[in-house]
Amino acid sequence: MKPKSTSEAGSLESASSTNTIASELVKKLISNYRNNQMQAVNKEMGITDSHAIWFDLPKLKKFISCIENEAAKVNPTISEEDLGIRFYYAAYPKADDWAIMEGHPVEKEYAERHTLVMIPTLKKEDETGAILDYDFCPSNSDSTLAMAERKGPALPTDTIAENHGALSPPDNTIGEIFP
């Protein structure tokens, strides 16, 4: 499966306009989160949680390419339109429970802060005929591709996922335009 470049999918100008949000709306949405959910988390947990997460473009492209390549190995008829990524809100364990993070490249200073976990999705018809986006592990051909089926097999031991971006804080906030 070969991803389409912006020039193949349409002009750069038309691609950019579909990914535009008014800066004031972005500012308001971010403020809503910081003034509500983030404040509640900080107050309840007694921490200063992160307000942003950053992933470099090569890491994201590599993750997308991995999903496409592994899905094509299992089923060459899977199209780009069948695939997606679900972003789960998640939180790192407490520092006392950090042993669970062994082998994962995350520093202990991230303890208890929120993060995102990205999981591949695959469009699949459910029993009623509705097309849904199911979480799936394209590299696990021993089980059904869709992992989210409630009647399906147990979760695989490992799954294709991406998690570690730079959280802010603890990372520096100097480059952020939205307060």
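Which residues does S168 touch, not counting residues up to four places away in sequence? The list is S50, H51, A52, T173 and E176, where contact means heavy atoms within 4.5 Å. S168 sits in strand 5 and is buried, at a relative accessible area of 4%; buried means under 20% relative accessible area, exposed over 50%, and partly exposed in between, with a 1.4 Å probe and protein chains only.

A word on the ground rules. The model is predicted, so local features need pLDDT of at least 70 and side-chain atom pairs count only at pLDDT 80 or more, while totals for chains, interfaces and linings use all residues. Residues are numbered from 1 along each chain as its sequence is written, and side-chain values use heavy atoms, with hydrogens and water left out.

On the overall layout, the protein has 4 helices and 5 strands, in the order α-α-α-β-α-β-β-β-β along the sequence. Helices (H or I, at least four residues) and strands (E, at least two) are DSSP runs, numbered from the N terminus. Of the 179 residues, 28% count as buried. Taking contacts between residues at least 6 apart in sequence, 60% join residues at least 24 apart.

Next, the hairpin. Strand 3 (residues 114-125) pairs with strand 4 (residues 131-135) in the antiparallel sense, over 5 bridges; two strands pair if DSSP finds at least two bridges between them. K123 has D133 of strand 4 as its bridge partner. There are 5 residues between the strands of this hairpin, and G129 takes a positive phi near 95°.

Now for the nonpolar packing. A nonpolar core here is a set of buried Ala, Val, Leu, Ile, Met, Phe, Trp, Tyr and Cys residues joined through side-chain atoms within 4.5 Å. The largest one has 10 residues: F55, F63, I67, A71, I78, L83, M118, L122, F136 and I160. Helix 4 (57-74) and strand 3 each supply at least two residues of this core, and helix 4 gives the most, with 3 residues. I67, a member of this core, is in contact with L83, I85, P120, P138 and I160, leaving aside its neighbours within four places in sequence. A second, separate core has 7 residues, among them W98, V106, Y110 and A111.

Then there are the charges. Side chains of opposite charge can pair when their charged atoms come close. The structure holds 4 salt bridges, each being a side-chain nitrogen of Lys or Arg within 4 Å of a carboxyl oxygen of Asp or Glu. In one of them, E162 pairs with K59, with the closest N and O atoms 3.5 Å apart. This pair links distant parts of the chain: E162 is in the loop between strand 4 and strand 5 (166-168), K59 is in helix 4, and 103 residues separate them. E162 is buried at 15% relative accessible area, whereas K59 is partly exposed at 27%.

R86 and D135 also form a salt bridge, at 2.7 Å from N to O. This one joins distant parts of the chain too, with R86 in strand 2 (residues 83-91) and D135 in strand 4, 49 residues apart. R86 is partly exposed, with a relative accessible area of 29%, and D135 is buried, at 10%. By contrast, K73 and E70, whose side chains meet in a salt bridge at 3.0 Å from N to O, are 3 residues apart in helix 4, which means about one helical turn between them. K73 counts as exposed at 63% relative accessibility, and E70 as buried at 19%.

Finally, there is D49, in the loop between helix 3 (23-45) and strand 1 (52-54). D49 is buried yet has no salt bridge; R113, the nearest side chain of opposite charge, is 5.0 Å away. For such charge assignments, Lys and Arg count as positive and Asp and Glu as negative, while His and the chain ends are not counted. What the side chain of D49 does reach is the backbone nitrogen of H114, at 2.8 Å. Apart from neighbours within four places in sequence, the contacts of D49 are Y33, M38, V41, N42, E112, R113, H114 and P169.

Notes:
Polar contact = N/O pair within 3.5 Å; in protein donor to acceptor, adjacent residues only side chain to side chain.
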